[in-house]
Every structure is written in structure tokens, then in C-alpha cells.
Amino acid sequence: MRHPLLRHGLLCATILAAHPAHADAPADAPADPAGDLVFTPDADITVTARRRAERAQDVPAALSVVSADLLNATRTVNLQQVSTLVPSLNYSSANPRNTAFTIRGLGSSVVSVSQANDGLEPGVGFYVDEVYHARPATAAFDFTDIDHIEVLRGPQGTVFGKNTTAGAISIVTKKPSFTFGAEAEASYGQQNFRQLRGSLTGPLIPDLAAFRVSGSLTRRDGVIYNQRYGTWQNSIDNTALRGQILLTPAANLSIRLIGDWSSFKGECCTQVYVRVAPTLKPAAQQFGALAAGLGYAVPSTNPFARITDIDAPVGTDTQEGGASAIAELKSGPFIITSVTAWRFWDWDAANDRDYTGVPVQITQHIPSRQDQISQELRFSNAHSGQNPGHLDYVAGLYYFHQKIVGHPISIYGPQATYWLLPAGRPANLLDGYGQNGTTDFRSDSMALFGEATLHITGKLALTGGLRETWENKRGTYDTSVSGGLATGAASLISDKNSILRAQTYGANVSEAGLSGRVNLAWHVSRDMQFYVNGASGQKSGGINMSGLPVYPSGVAGHANGDPILSTAVIRPERNFTWEAGIKSQWLGGRATLNLAAYSTVVHDFQANVVDNAAVVALRSYLANIPRVTVRGVEADGQWQVAPWFALRGALAYADGRYASYPAGPCPIELTGASTASCNLTGKSLPGLPKWNASLGGEMTHDLGGAQIYARADATIRSMVYGEATDSAYTTIAGYTLVNAAAGVRIGPRWNVEVFVRNLTRANYLQNVTVQAGNSGLIVGTPGDPRMFGVTLRAKV
């Protein structure tokens with residue numbers, strides 16, 4: 001190696017590598033003078049973060065790129081696993097409907113179960129092949145045939161289809177090829193893990209039409225044992241299929257037709273005992289006394305024993321898919337792009353929402369169906385350059401429509417009265433008491449956007465962009481109640497209504513909003529860039545689609561139990577982010593180091609919060625938090641230390657707080673008959689670790705026609721608060737997760753690998769939930785146990 005290790009010491013200490021890749025080098029990549037540069041940095045991957053093709057390292061903004069090679073090397077098949085490679089991306093999913101991802105602590109803000117409100121749009125945009133996916137739940141499905149993933153940090157309110165305030169995740173799949181090719185992969189591991197993945201591509205009509213088909217199948221037995229029924233729960237049964245046709249009827253015209261379908265099934269998803277929090281409720285209404293009164297004991301007080309005794313059936317059956325057409329016409333100096341898409345999401349799941357063997361709530365699920373259509377039309381210049389006075393630009397129109405219809409169903413069991421209500425009520429008051437109904441949410445969005453970059457000199461560029469968005473949303477909520485003890489007593493009816501209440505209302509939102517950004521970038525050289533970026537983002541108002549709080553008795557003009565209609569709509573969310581960064585490459589391209597510092601202020605932050613003062617603690621509602629701030633520093637990079645040794649890693653420090661939240665929900669330990677709200681100003685944002693890092697490396701050794709290799713990847717996260725109140729009893733401790741693999745590559749076609757996930761058998765929680773009824777019980781989802789396995793890959 002040309003550079004001795006001693007000269008790299010300081011660089012090794014500061015670099016936190018991003019993602020080593022082995023993709024083909026771009027045509028303009030500089031030749032390696034030593035001839036031993038054996039990889040192409042992810043920084044050199046072509047991305048479309050600004051809706052035009054450019055080298056990732058040339059984009060003057062904070063973004064992470066995860067290549068197909070890294071996805072394969074780390075066995076990353078979904079966004080939850082991507083979050084272990086990109087520290088600024090945080091992911092939580094108690095079940096697929098309640099999936100949430102945040103960037104820099106901002107986004108969906110769903111940190112526990114039953115908080116996926118259909119009337120709230122996500123703060124992080126999720127795109128697959130330029131098509132926006134409106135529901136975060138669709139991000140729970142496995143990937144298929146990925147080329148690379150771009151994670152853009154900060155507001156993306158200018159050129160991306162749907163305005164987002166926190167960032168965007170853009171997944172780019174592999175395109176059809178006119179050269180025949182095939183790939184296949186089979187894996188088997190502990191917990192009866194089985195996975196098959198494959199793709200096939202080639203010409204249909206030479207120089208006119210090419211195809212690509214791909215798919216994946218993942219099965220795994222459950223990892224939580226239900227001792228009541230002798231079954232294993234939280235199993236995995238995922239399937240994904242994708243088909244594409246690429247048409248090139250002319251040299252300047254391409255049309256890409258895509259169809260895909262995914263399924264997520266399994267006896268999933270339950271949680272286990274974590275701890276019990278004291279509350280301010282009477283002792284007889286706290287978990288210890290309630291359980292003792294029934295002679296009940298949880299099967300284990302160690303969440304990592306992974307044992308439950310829930311008595312209600314659980315199961316998930318959800319599908320998503322759609323079709324899209326991407327057409328690109330190059331006409332002289334211009335490029336016209338059209339993206340047309342239809343997508344659907346079909347959801348159903350059964351849950352045991354008391355998470356115990358006590359029959360408190362015996363049925364809980366929300367069958368839902370979402371359909372969306374979108375159309376985007378973009379116009380840009382074909383020839384970008386850095387000559388003084390040159391102007392690069394993109395402008396476009398965007399339309400989006402979605403419809404979500406849900407049917408909330410909830411039924412309580414024979415011990416619900418005892419568990420949820422004060423003593424003295426008839427024991428069967430709530431037995432069989434339930435709710436059924438329909439929610440219907442629809443939205444339309446139109447936008448006009450544009451962005452231009454003026455190259456002031458060959459090294460200095462100024463970018464400005466604006467977006468005007470028009471939103472119209474309307475929703476109806478209509479539920480009824482039935483069952484339980486038939487009674488005409490006003491006090492008993494009031495008791496039943498405190499659990500579930502018939503409610504009907506409708507709401508509308510119609511707004512327009514302007515967002516934009518300005519960016520100044522200085523390219524000192526091809527390998528060094530400084531930039532300053534200011535960006536605004538906005539989300540239109542949301543509609544509460546999970547029921548409204550009600551008026552108490554004695555309020556003039558309102559009967560006891562009337563819905564408080566003023567809470568049906570929440571205000572728009574607006575934020576602004578300042579960001580400054582350095583993007584650099586060193587040692588002839590062998591090392592990459594990118595740094596970014598940012599400060600974000602959000603006004604009227606939209607969030608799902610849990611009403612801890614209510615009898616049913618899992619009842620959530622939308623609310624505006626007056627002001628939220630997040631400040632942080634990020635570093636990422638990679639280093640090809642030697643031809644046989646590469647390092648990658650990333651580090652994120654973030655301090656996110658409620659800058660103003662004087663009337664928030666109360667933590668479980670302050671919940672009692674008289675608590676209504678608590679001042680959360682100054683508290684930390686939930687789900688956001690102060691420190692988050694990833695580090696990985698690979699070593700190889702050539703054996704003539706074969707190559708042996710070994711790699712390891714670690715994720716390190718500090719403590720987070722598991723829900724919005726910063727309760728001391730819902731914290732999730734920090735942890736370190738290590739995955740590793742070793743194998744042999746035989747020529748360009750074969751690869752045999754042994755792998756292990758969670759090598760050190762780390763015990764960690766993915767999420768926590770406060771049990772219904774505020775008894776003080778805290779449950780959570782433990783991370784997966786250690787798993788050894790083997791993989792065989794083949795390529796033609």
C-alpha cells in the first residue's frame with residue numbers, strides 16, 4: 001500500500017465511515033494512480049436527490065447513500081435494518097400499521113402501539129422509484145431488487161413530489177437490462193428462518209423492450225412463547241414480487257412500467273412484561289392489587305425471557321402494491337419526465353391490547369383500505385455544468401389523491417369491569433361491550449415547484465427553490481357501541497361511555513402553503529466542498545380520525561359527552577432548518593469524510609399523543625405542540641485502508657426538545673383522578689437517541705479463483721424515551737447490536753456465507769407501550785435473539 005498506516009492515524013480516529021460499495025465506477029471517475037483502489041465509494045454513486053443525476057458527493061446537502069452491495073453484505077432487507085446503517089434514521093414498529101420512522105427525531109412521531117392516525121401525514125417522505133407512499137405502514141415490507149437507497153436529511157419542500165418537513169427516504173430499484181442476467185439467493189437459519197430472493201432480466205425485443213422480474217420470500221417462526229397455548233408468536237411470513245418492462249421506442253425516449261405486490265403475515269404482534277410504574281390512582285386500581293385480586297401473575301418479569309400468556313388471538317394480514325409508469329423524453333437541451341402511479345394498502349390485524357392472560361380486551365383491530373393515485377410532471381435542462389453563468393433547473397407540477405376507509409372494532413371481556421372501573425359496578429357491565437364503525441378520510445394535494453442553481457463561478461454555486469402546495473382534506477368518523485350489561489342507570493351508562501362512546505363527526509381542511517430553500521456551495525476542488533443550506537418545510541393541518549375528547553357536564557351550550565369539535569382539526573406544521581457541512585474525499589478517493597451541523601425549529605409540531613388521563617390509555621389523538629427544536633452534528637465516511645480491508649461508519653449527535661409544551665399529557669407516574677395535563681417544556685423528544693453510531697468493516701483475502709472474506713457491523717444507540725411524556729418508566733436503555741458474516745466468493749458467480757445476527761446476544765427493547773387502563777403495567781417488544789445461518793448466492 002502506498003500510504004503507511006501511521007499517516008492515516010488521525011484520519012482513522014475521526015472518520016466514521018458511511019457505506020463501502022463495489023459498484024462499477026462512473027465513467028468520469030479518476031484513474032487510480034496506484035492501481036489498488038478496489039472499490040467505488042458510495043459518494044460516487046449517481047443519485048437523484050435534486051431530481052437530476054449527479055454524484056452523491058456533489059450534492060450540497062446531508063444525505064446518506066446505501067448501495068446494493070452494502071444491503072447484500074449486511075443482509076439488509078427492510079427499513080428497520082437500514083436504520084442500523086444510517087444513525088440519523090430511527091425506526092419503530094410495534095406492528096406494521098404502527099410503523100414510524102423519523103429523521104433527526106422528526107417525522108411520524110409514533111412511538112407506541114395504536115397511534116397511527118389516518119388523518120396525519122408523515123413528516124418523512126417515503127418514495128420507491130419516484131412514487132410517494134402516503135402511509136408509513138408500507139415501509140414495513142421487505143425490499144425487492146434494490147439498486148440503492150438515498151436518505152435525505154432535513155426539509156425536502158422544493159423538488160420532491162409530496163412536501164415533507166423532516167426528510168425523505170428514496171428507494172431506487174434495479175432497472176431492466178438488454179443483457180441477460182439472473183441472480184438467486186437462498187438462506188436458512190435458526191428459528192427456522194428461510195429466505196429466498198431472486199431476479200431475472202433480459203431483452204424482450206432487442207433495442208426496444210427489456211424485462212425484469214424479481215421476488216423475495218421470508219419465513220421465520222415466532223420468537224415470543226405463549227405458554228397459555230404452547231405456541232410461538234411474532235412470526236414472519238413476508239412475500240414480495242416485482243415486474244418491470246423498459247421500452248425504448250426512440251433514442252431519446254424511455255418508458256418504464258412497474259408493477260409490484262407485497263404481503264406481510266404472521267402470528268404477530270404481541271409484547272411482553274417490562275415493568276410496573278406506580279401511579280396516583282387508588283391502590284386498588286394499580287396493577288399489583290388488580291393482579292393479586294384475581295390470583296394472576298405474569299409468566300415472567302424478565303422481558304428477554306420472551307414469554308407471554310395473552311389469551312386473545314393475534315395475527316397480521318396486510319398487503320400493498322400498485323403500478324406505475326415513468327416516462328422520460330430528451331428533447332434538445334431539455335428533459336421532460338412523467339411519473340404516473342396508483343397504489344393500495346390493505347390492512348387487518350388482531351391484537352390483545354391488555355397484553356396479559358386476563359380477559360380484559362378480547363378483540364381489537366382496524367381493518368383498513370387505502371388507495372392513492374399520483375401524477376408528477378417535471379421539466380429540466382439536460383446538460384448540467386459548472387461554467388460561470390450556467391444555470392441548472394428543474395420545475396414541475398404534482399397531483400396526489402388518497403382515500404382511507406377503516407372499521408375500528410373493539411370488544412371487552414369478562415374481567416374488563418374489574419380491571420378498568422372502580423369497585424362497586426356489576427361484574428358483567430362491560431362483558432361483551434364493544435365498538436364498531438367506519439372512518440373515511442380523503443385528501444387531495446396539488447403543487448407547483450421549481451429549483452434553479454446558478455454557477456456564479458466554476459467553483460461557487462447558488463441554489464434557490466420554491467414550492468406552493470394546495471391541500472384539501474376531509475374526514476368523517478362514525479362509530480356505535482353495543483353489548484355489555486343492558487341498563488338504564490345513568491351512572492352505569494356513564495361508566496360504559498368512559499370506555500367506549502358512540503361518536504359521529506366530520507371535519508375539513510383546505511389550505512395553501514409556501515416552502516423553499518436557499519443553498520450556497522463552494523467546490524474548492526472535486527474532492528472538497530463546503531455548503532450552507534437554509535430550508536423551510538410545511539405540512540397542512542390534520543384531522544383527528546380516532547375519536548374526539550368530549551365536554552364534561554356543566555359547559556354552557558353543550559351536553560355531557562358532546563364531542564369537542566374544535567379538536568377535530570389540528571393546525572399546520574411549519575419548520576425551518578439551517579445546515580452547514582463539509583463533503584470531502586482524501587487519499588486519491590480511498591477515504592471519504594462528510595460532516596454536517598444543523599439547527600431545526602418546528603412550530604405547531606403535529607404529533608400523536610396518548611391521553612393518560614383517560615381510562616383507556618391506548619386512546620390517542622392528534623395535537624399541536626407549540627414549538628420543538630432539534631440541534632445536532634453528523635459525520636459519515638469510509639476508508640479503504642488497504643486493498644484487503646475497508647471500514648465504514650457514521651455518527652449522529654442530536655438534542656431534540658419540546659421548546660414549548662405547557663399543556664401536554666402526563667407521564668404514567670403522575671396519572672390520577674385529578675391529573676389533566678403536565679408542562680413538558682424542556683423535555684426530550686421521544687424516540688431520539690442523543691448518540692447514535694454505526695461502524696462496520698470487511699477483510700478479504702484472494703485465493704486465486706476465489707476470495708474469502710469476513711465482515712462485522714455494529715450499531716450503538718444511547719437511551720431514548722419510549723413515549724411522549726418522558727416518563728422514567730417508559731425509557732428504553734441504550735444498546736450495542738453486532739452482526740457478522742464470513743464466506744467465500746468463487747469467481748464472479750458463486751458465494752457461500754455463514755452469518756450471525758445479534759452476535760453478542762444483546763438484550764434490548766424495540767418499543768414500549770402503556771397498558772390499557774393505566775394500571776401501571778408497561779409492556780414492550782424485545783429485539784430478536786441471536787440467529788446463526790447460512791446463505792448461498794449465485795449470479796449469471
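Mentor: Here is a walk through the cysteine links. This is a predicted model, where local features need pLDDT of at least 70, side-chain atom pairs count only at pLDDT 80 or more, and totals for chains, interfaces and linings use all residues. Residues are numbered from 1 along each chain as its sequence is written, and side-chain values use heavy atoms, with hydrogens and water left out.

A disulfide is a covalent bond between the sulfur atoms of two cysteines. Here it is taken as a pair of cysteine sulfur atoms within 2.5 Å. That rule gives two disulfides.

Start with C268 and C269. Their sulfur atoms lie 1.8 Å apart. The torsion about their S-S bond is about 85 degrees, so this disulfide is right-handed. C268 counts as buried because its relative accessibility is 6% (buried means under 20% relative accessible area, with a 1.4 Å probe and protein chains only). C269 has 10% relative accessibility, so C269 is buried as well.

Now turn to C666 and C678. Their sulfur atoms are 2.1 Å apart. The link of C666 and C678 is right-handed, with 100 degrees about the S-S bond. C666 and C678 both lie in the loop between β36 (645–660) and β37 (691–702), so the pair ties together parts 12 residues apart in sequence. Strands are DSSP runs (E, at least two residues), numbered from the N terminus. Both C666 and C678 are buried.

Last, the order. With bonded cysteines counted along the chain, the disulfides follow the pattern 1-2, 3-4.

Key: Buried < 20%, exposed > 50% of the residue type's maximum accessible area, 1.4 Å probe, protein only. Helix = DSSP H or I, 4+ residues; strand = E, 2+ residues; numbered from the N terminus.
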